[in-house]
Amino acid sequence: MIPFEYRTPKNLKEVHATLKEFGADAKLMAGGTALVIMMKQRLVRPSCLVSLGSVRGLNGIELKDGGLKIGGLATHRAVESSSLVRRRLPMLAETYHHVATLRIRNMATVGGGLAHADPNQDPPPSLIALGASVKATSPNGSRVIPLDEFFKGYYETVLEPDEIITEVFVPKAAANTGAAYIKFLPRTADDYATVSAAAVLTLDKAKKTIADVRIALGSVGETPVRATAAEALLRGQPLKGDGFAEAGEKAKEAVDPVSDFRGSAAYKKDMAAVFVRRALEKALADLRQQAKAKAAPKPAKKKAVKKVVKKGKRR
Ligand SMILES: Cc1cc2nc3c(=O)[nH]c(=O)nc-3n(C[C@H](O)[C@H](O)[C@H](O)COP(=O)(O)OP(=O)(O)OC[C@H]3O[C@@H](n4cnc5c(N)ncnc54)[C@H](O)[C@@H]3O)c2cc1C
């Protein structure tokens with residue numbers, strides 16, 4: 001490895017001061033799972049590593065305006081195992097569960113993953129489909145960036161060098177919404193996806209018409225891809241037998257995968273159509289399951305049994 005300075009600022013002010021001191025040669029480090037590999041491969045040669053590990057208050061997961069506010073330093077494992085996320089947005093917990101291995105998920109952070117911007121990653125398609133945004137903080141203040149405008153190219157985002165992802169916000173889902181993320185993994189369970197797809201589907205009150213839908217794919221281009229034309233094909237339309245398959249075919253037109261050891265470009269294109277259809281079907285099944293659970297009679301509360309200990313009768 002090439003020698004570098006290592007700094008451990010305790011708060012954002014110190015992080016910004018260190019970034020200013022070292023300029024463009026400094027690199028933020030959160031979990032280090034992506035960055036350290038890139039340094040070993042000499043793809044990145046920072047003069048200073050600015051560890052975010054000692055910065056407090058950026059790893060919480062809480063409710064905000066009915067949605068979820070996730071700190072930029074929350075680990076993948078924290079999202080996966082959070083009871084709040086599992087209750088409110090099981091699809092998001094499931095998405096983070098799909099990332100690599102437990103060892104990686106224990107270290108990798110939500111902000112670090114998004115800033116890394118590998119188009120094969122799992123969380124971006126789900127977060128885009130859920131309408132999430134990131135909050136980026138610099139010495140000049142903060143700005144909110146919708147995630148579908150965040151990725152620019154391979155390992156490239158719209159973040160400025162002095163901006164830090166401090167928060168990811170996932171808005172509250174509308175009533176009658178189902179969500180799903182699916183990942184095609186023909187090799188090992190901890191691999192990156194060959195193709196992945198996320199769908200968030202909202203039906204009208206009568207549950208007959210598609211009020212809204214968001215679809216995003218991973219591993220099919222330089223960035224995660226939002227399939228807006230496929231969404232437009234479905235939005236406002238009644239649920240019909242072949243609608244999801246037609247949307248899958250439309251989504252196929254939006255992707256531009258490369259051939260690699262996970263499959264040829266042509267194969268991935270075909271799989272994109274299939275996976276969009278399946279993700280939509282799974283989102284609909286999720287929605288129906290939620291409605292069923294809501295309609296089911298609630299189990300009667302058990303009466304609290306008072307423990308009466310009569311004097312003189314204890315053995
Ligand atoms: C063996 C292996 C298997 C993997 N498999 C998968 C997989 O199946 N699916 C998947 O989705 N991912 C997978 N990954 C990728 C993994 O998700 C990323 O390595 C991880 O998300 C990066 O997070 P981190 O906190 O470790 O980031 P770091 O490595 O610390 O940083 C990554 C980049 O983000 C920048 N950065 C870090 N934090 C911030 C911040 N808060 N604000 C701005 N910039 C920041 C850093 O400067 C660096 O450029 C795998 C990784 C490995 C090593």
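A pocket is an open set of grid points with protein on both sides within 12 Å along at least five of seven lines, and its lining residues have an atom within 4 Å of a point. In this predicted model, the largest pocket is lined by 50 residues. A34, L35, G112, A115 and H116 lie nearest its centre. The space inside the largest pocket comes to about 1,300 Å³.

Several secondary-structure elements contribute to this lining. Helix α7 (110-116) supplies five residues, the largest share. At least two residues each come from β2 (26-29), α2 (35-40), α7, β9 (156-157) and β10 (164-170).

The protein chain as a whole was then examined. Its secondary structure comprises 11 helices and 14 strands. Along the principal axes, the C-alpha atoms fill a box of roughly 70 × 70 × 40 Å. The chain has 315 residues, and 45% of them are buried. Among contacts between residues at least 6 apart in sequence, 62% join residues at least 24 apart.

The domain assignment divides the chain into domain 1 (5-51), domain 2 (61-170) and domain 3 (177-292). Taken over C-alpha atoms, the centres of domain 1 and domain 3 are separated by 36 Å.

Helix α10 was considered next. This helix holds 12 residues, 243-254. At 1.5 Å a residue, α10 should span 16 Å. Its end C-alpha atoms are 17 Å apart, which agrees with that expectation. The buried residues of α10 are G243, F244, A247, G248 and A251. They lie on the same side of α10, because they cover an arc of only 140° around the axis. The cover over these buried residues includes two strands, β12 (195-203) and β13 (210-218). It also includes two helices, α9 (228-234) and α11 (265-295).

Helix α11 also contains a lysine, K268. The relative accessible area of K268 is 3%. Buried means under 20%, so K268 counts as buried.

Definitions and conventions:
Residues are numbered from 1 along each chain as its sequence is written. This is a predicted model: local features need pLDDT of at least 70, side-chain atom pairs count only at pLDDT 80 or more; totals for chains, interfaces and linings use all residues. Side-chain values use heavy atoms; hydrogens and water are left out. Helices (H or I, at least four residues) and strands (E, at least two) are DSSP runs, numbered from the N terminus. The expected span of a helix is 1.5 Å times one less than its number of residues. Buried means under 20% relative accessible area, exposed over 50%, partly exposed in between (1.4 Å probe, protein chains only). The arc is that of the directions from the helix axis to the C-beta atoms. Contact means heavy atoms within 4.5 Å. Domain bounds come from an automatic or database domain assignment. On a 1 Å grid over the protein atoms alone, a cavity is a set of points where a 1.4 Å probe fits but cannot get out, and a pocket is an open set with protein on both sides within 12 Å along at least five of seven lines; lining residues have an atom within 4 Å of a point. Grid points are joined across faces, edges and corners, and a volume is the space filled by probe spheres set on the points.
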